Amino acid sequence: MGSPKALVRSRGQSFLVRGVRALWSVCDTVVVVLGADGERICQEAGEEFESLVARGMLAPDLRGGPRERSGELEVRFAFNRRWASGMLSSARFGLATALALRPRGVILLPVDHPQVRSRTVGALGVMLEGALGEFGAPRNNGFAYALIPRHRGLRGHPVALSAALAALITRDRAARDLADGIRRHARLVGYLDVADRGILVNRNSPAGAGKAKAKPGRR
């Protein structure tokens with residue numbers, strides 16, 4: 001990319017800030033996992049958020065989201081010292097950090113998917129809550145459930161996980177990647193068909209709309 005992906009800008013905002021704001025549509029707290037150039041990314045992202053607050057641009061984020069929203073939105077930066085060992089290391093680290101907050105579920109979004117729409121994240125959150133209410137906590141807090149968005153039969157990001165499944169993935173040292181961790185431990189996998197092509201677009205170059213990369217989803 002020529003610079004940290006998290007700081008590349010799309011439609012006036014960095015990939016990182018766009019991702020955090022999309023996740024805020026359903027999550028009160030977003031954990032951002034940093035690795036290479038972590039201190040620089042943390043500083044510049046913090047300055048970007050301060051600018052948005054000063055201009056009143058985050059007010060819509062506070063008004064949206066779940067009805068039980070606390071009225072406060074938070075972003076936490078966590079530094080993964082083992083980032084060089086691969087993306088799964090950062091995913092595990094982020095999940096473990098999020099689980100310390102005792103959530104019912106988590107939504108994991110790679111920073112290089114800046115075109116994911118907030119309403120897609122919101123729909124995942126609603127469906128995850130529904131599944132957990134039907135099959136999971138409080139009756140069975142060990143319910144290992146994954147929810148994956150799908151566009152025209154192709155699976156993409158973000159993925160939604162029950163807290164139980166997230167915990168299993170953080171402890172699994174045999175999984176090859178996140179998808180493998182989900183396959184190894186999920187008791188149930190659901191798919192949400194969406195009209196959002198952004199779930200497939202992985203931005204790996206500074207120019208252009210990005211490249212859609214996904215595998216056919218099972219129906």
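Guide: Of the contacts in the chain with a separation of 6 or more, 69% are between residues 24 or more positions apart; contact means heavy atoms within 4.5 Å. The model is predicted, so local features need pLDDT of at least 70 and side-chain atom pairs count only at pLDDT 80 or more, while totals for chains, interfaces and linings use all residues. Residues are numbered from 1 along each chain as its sequence is written, and side-chain values use heavy atoms, with hydrogens and water left out.

The chain has seven helices and eleven strands. Helices (H or I, at least four residues) and strands (E, at least two) are DSSP runs numbered from the N terminus. Of its 219 residues, 47% count as buried. Buried is under 20% relative accessible area, exposed is over 50%, and partly exposed is in between (1.4 Å probe, protein chains only).

The part to look at is helix H5, residues 118–135. At 1.5 Å a residue its 18 residues should span 26 Å, and the end C-alpha atoms are 26 Å apart, so the two agree. The expected span is 1.5 Å times one less than the number of residues. The buried residues of H5 are Thr120, Val121, Gly122, Leu124, Gly125, Leu128, Ala131 and Leu132. Their cover includes helix H1 (15–23) and the strands E5 (105–108), E6 (145–151), E8 (159–162) and E9 (188–193).

Take the cover from E8 as an example. Serine 162 lies in that strand and counts as buried because its relative accessibility is 1%. Beyond its neighbours within four places in sequence, serine 162 is in contact with Leu128 and Leu132, and also with Arg104, Gly105, Phe143, Ala144 and Tyr145. Leu128 and Leu132 are among the buried residues of H5.

Another buried residue of H5, Thr120, is touched by isoleucine 199. Isoleucine 199 sits in the loop between E9 and strand E10 (201–202), and at 0% relative accessibility it counts as buried. Histidine 157 is 42 residues from isoleucine 199 along the chain, yet their C-alpha atoms are separated by 4.9 Å.

Most residues other than glycine have a negative phi, and most peptide bonds are trans. Arginine 152, in the loop between E6 and E7, has a positive phi near 55°. Arginine 152 is exposed, with a relative accessible area of 77%. Arginine 11, in the loop between E1 and strand E2 (13–14), also has a positive phi, about 50°, and it counts as exposed at 66% relative accessibility.

Other helices pack on one another. Two packed helices are described by the angle between their axes and the distance between the axes. Axes are lines fitted to C-alpha atoms, for helices over the stretch in contact, and angles run from 0 to 180 degrees between N-to-C directions.

Helix H4 (residues 87–99) and helix H6 (residues 163–171) pack at about 135°, with axes 9 Å apart. H4 and H6 are therefore oblique to each other; under 35 degrees counts as roughly parallel, over 145 as roughly antiparallel, 65 to 115 as roughly perpendicular, and the rest as oblique. Arg92, Leu95, Ala96 and Leu99 of H4 meet Ala163, Ala166, Ala167, Ile169 and Thr170 of H6. By class, this contact of H4 with H6 has seven nonpolar, one polar and one charged residues. Ala, Val, Leu, Ile, Met, Phe, Trp, Tyr, Cys and Pro count as nonpolar, Asp, Glu, Lys and Arg as charged, and the others, Gly among them, as polar. The crossing of H4 and H6 is left-handed: the near helix is turned anticlockwise from the far one by less than a right angle, and clockwise would be right-handed.

The axes of H6 and helix H7 (residues 178–185) cross at roughly 115° and come within 10 Å. This crossing of H6 and H7 is right-handed. Leu165, Leu168 and Ile169 of H6 make the contact with Leu178, Gly181, Ile182 and His185 of H7. The residues of this contact of H6 with H7 divide into five nonpolar, two polar and no charged.
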